[in-house]
Amino acid sequence: MNSASTTVASTPGIMLIRVGQAGCALRWDAMRQCWRWPDPVGSQLYAWPAPPAMPSGVRMLESACVMACCSSGRVLLGLGKRLGMADLPQPGQPIRPLQAQVLITIDAAEPRTSISDGCTDRDGNFVFGTANTAQDQRPIGSFYQYSQRHGLRRLALPAVVKAAAIAFSPDGRRMYFADAARGALMQCDYDAERAKVVNVKTFSTLLEPGAGAAIVDSKENLWSVQGGVLVQYDSHGQVLRQIALAREAVASVAFGGAGMRQLLVLGAQGGLYGLPPDLAQGLARGVPDSLFIDSGSASIPVSRT
């Protein structure tokens with residue numbers, strides 16, 4: 001839980017593409033071999049590299065700030081207070097705006113909250129949290145697990161101003177999370193089948209204010225976006241490195257590519273970057289996101305490799 005400061009390595013990065021007005025929730029789409037991310041300001045869903053004969057961006061009828069890839073090939077989207085499912089356009093088909101089929105409304109009686117962060121757990125459930133978008137900034141946000149098998153289940157975690165940094169260990173038994181308005185990354189033991197959490201405790205303190213996206217690599221290192229800087233921790237909460245982009249703040253991060261060995265960083269203004277060799281050398285490979293199981297069947301295998 002030692003959070004001793006390390007020098008921030010500022011890098012121009014290797015720019016791969018710059019699109020849209022904002023970036024968030026970078027994800028690797030293993031089915032189509034591309035990274036995807038929503039632009040909540042421009043109401044677009046982007047992909048890089050773009051699938052053959054497809055544009056890099058598709059307009060959405062509603063803005064999204066959270067997404068996950070599904071076992072059916074569709075995408076699960078966090079749309080304000082709702083979760084929705086959208087079909088991606090196929091090669092040769094006319095490109096139309098994505099219209100999500102609403103699955104569920106979250107905390108309908110509380111107008112101040114909105115979905116702020118989320119990802120699939122290792123069993124194909126979608127775990128997400130909400131934020132208080134009102135000026136009062138009271139801690140009224142919650143954490144949930146959603147699946148088509150069990151529906152919506154609230155996790156017994158502390159209320160937050162803004163849920164952030166949701167990630168899972170490679171074996172799926174440890175969950176990481178944070179309140180973006182507070183100064184610590186948290187961890188707990190997580191039971192996906194029962195949607196139960198126990199042993200909630202501090203993982204490490206934040207080096208920068210404002211927790212954002214987080215992922216875990218195959219060596220159980222946690223990569224955490226904090227105040228526009230990417231911070232890497234080992235599994236015990238020790239800081240290993242800090243990386244900042246020279247052109248824009250870091251918004252999200254995701255492993256992907258062959259063998260899950262390529263780490264890409266998404267900027268807050270829509271730039272997608274690779275790391276230069278001096279920073280990328282020796283990194284552990286990533287852990288692929290489990291696909292959200294959207295067929296209603298609990299028997300679909302979910303890859304943990």
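**Strand pairing in a predicted model**

Strand E21 (residues 229-233) pairs with strand E22 in the antiparallel sense, over four bridges. Two strands count as paired if DSSP finds at least two bridges between them. Helices (H or I, at least four residues) and strands (E, at least two) are DSSP runs, numbered from the N terminus.

Good morning. Before I continue, a word on the source. This is a predicted model, in which local features need pLDDT of at least 70 and side-chain atom pairs count only at pLDDT 80 or more, while totals for chains, interfaces and linings use all residues. Residues are numbered from 1 along each chain as its sequence is written, and side-chain values use heavy atoms, with hydrogens and water left out.

Let us stay with strand E22. Five residues lie between E21 and E22 in their hairpin, and there Gly237 adopts a positive phi near 90°. Which residue stands opposite Gln242 of E22 in this pairing? It is Val231. Strand E22 also pairs with strand E1 (residues 8-11), in the parallel sense and over four bridges. In that pairing, Val8 stands opposite Gln242. Strand E22 itself, residues 239-245, is mostly covered, with five of its seven residues buried. Buried here means under 20% relative accessible area, exposed means over 50%, and partly exposed lies in between (1.4 Å probe, protein chains only).

I now turn to another part of the model. Four strands form an open sheet in the order E7-E8-E9-E10, with antiparallel pairing. Its edge strands are E7 (66-69) and E10 (101-105), each of which pairs on one side only. From one strand to the next, the twist averages 20°. For such angles, axes are lines fitted to C-alpha atoms, for helices over the stretch in contact, and angles run from 0 to 180 degrees between N-to-C directions. Strands E7 and E8 (residues 75-79) run antiparallel and are joined by four bridges. Within that pair, Ala68 has Leu76 of E8 as its bridge partner.

Finally, the whole protein. It has one helix and 25 strands. Buried residues make up 55% of its 305 residues. Why does its radius of gyration agree with that of a compact globule? For 305 residues such a globule would have a value near 19 Å, and the protein has 18 Å, which agrees. The radius is taken over C-alpha atoms, and the globule rule is 2.2 Å times the number of residues to the power 0.38. Along the principal axes, the C-alpha atoms fill a box of roughly 50 × 40 × 40 Å.

Thank you.
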